[in-house]
Amino acid sequence: MKDIAYYNGQTGPIDEMTVPMNDRACYFGDGVYDVSYVFNHIPMAIDEHIDRIYRSAAMIDIHPSMEKKELKHILFSLIDRVEGESLILYFQFSRGVAPRGHDYTNMTGVPSLWAYVKPAALVDAFQDYKGITVEDKRFFFCNIKTINLLPSVLANHQAHAAGAEEAILHRGDRVTEGSHSNISILKDGVLQTAPLDELILPGITRAHVIRICQRLSIPVREEPFTVKEMMEADEVFFTASGALCCRFYEIDGIPVGGRDMKTFCAIRDAYEAERRAECGLD
Ligand code: PDD
């Protein structure tokens, strides 16, 4: 198949899939999701993505009826049915189907599983990107990968309308993360990235980058940095499953980075090598 969608045991082409209007995802964004990229039919870091969706779900009191093993089996069976060497795997649990009502105490159904697989390419980590800064107006559940993404959608649109690729969110002075990525800087040979709190998503790519730095003996500081520090950093880059490691050359129309390409390229290339090895591409 060219692509596939899944909803509570039913499958079909994405464009033909319909879901019940009363799924609480539709009214409330009452659910959590995760995303992995798939090469050679192997989803990258799949166990980490599955662990994270169960963690996200538990944090909003959603308790999937299936075990992680069963979810993994379903996801692999979807991947197997789609042609293509480079795919995106999206999956989400919503609280389930019930007539609209904020309180879910008396809900009888089980959480719904939604998923799709379709062709998609990674953002090219060998290009440089433009960003803009946007005030972070999200609520304080940013560590949970909820499907409530309106502020991220608006910020990302603002970036594209300005001819940029990513919106870099900040609360006051403090850079939090991107609209759909984590942001890191390099300064004096040290990688600095925001600490894991309720203001950022614990990105799986971010975690891999930290491990790569440790392997390459690049010191890591998980501490907040300001917009000014970012603008003056040696390099600024975003990380996400769909992009791995991509550097900015301009933010808000001002040139940034370009002063430590050696360290940036070492991290990016190590990540690319990791992807190729994990997915059997060599
Ligand atoms: N987004 N921060 C936010 C707000 C994100 O939405 C994402 C990813 C990340 C990076 O997380 P990871 O490295 O685990 O992909 C950080 C996904 C890809 C999306 O919404 O499509």
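Begin by selecting Cys245, a residue that is buried at a relative accessible area of 0%, where buried means under 20% relative accessible area, exposed over 50% and partly exposed in between, computed with a 1.4 Å probe on protein chains only. The model is a predicted one, in which local features need pLDDT of at least 70 and side-chain atom pairs count only at pLDDT 80 or more, while totals for chains, interfaces and linings use all residues. Residues are numbered from 1 along each chain as its sequence is written, and side-chain values use heavy atoms, with hydrogens and water left out.

While Cys245 is selected, display the sulfur atoms: the closest cysteine sulfur to that of Cys245 belongs to Cys246 and lies 7.3 Å away, too far for a bond. Moving on to Cys265, its closest cysteine sulfur is that of Cys245, at 9.9 Å, again too far for a bond. The structure holds 0 disulfides, a disulfide being a pair of cysteine sulfur atoms within 2.5 Å.

An N or O atom in the side chain of Tyr33 is 2.6 Å from an oxygen atom of the ligand, and a polar side-chain atom of Ser241 lies 2.6 Å from a ligand oxygen atom.

Rings of Phe, Tyr and Trp (its six-membered ring) pair if their centres lie within 6.5 Å, and planes under 30 degrees apart count as stacked, over 60 as edge-to-face and the rest as tilted.

The structure holds 9 aromatic pairs. One of them joins Tyr54 and Phe93 edge-to-face, with 5.6 Å centre to centre and 75° between the planes. This pair links distant parts of the chain, 39 residues apart, with Tyr54 in helix H2 (residues 46-59) and Phe93 in strand S5 (residues 86-94); helices (H or I, at least four residues) and strands (E, at least two) are DSSP runs numbered from the N terminus. Tyr54 is buried at 14% relative accessible area, and Phe93 is buried at 1%. Then select Phe139 and Phe141, another edge-to-face pair, at 5.3 Å centre to centre and 70° between the planes; here Phe139 is partly exposed at 43%, and Phe141 is partly exposed at 44%.

Two arginines can be examined next. The charged end of Arg275 sits over the ring of Phe39, 4.3 Å from its centre, and Arg171 lies over the face of Phe140, at 4.8 Å from the ring centre. The criterion requires NZ of Lys or CZ of Arg within 6 Å of the ring centre and within 35 degrees of the ring normal.

Finish at the backbone of His41, in the loop between strand S3 (31-39) and strand S4 (42-43), where phi is positive at about 65° although the residue is not a glycine.

Notes:
Polar contact = N/O pair within 3.5 Å; in protein donor to acceptor, adjacent residues only side chain to side chain.
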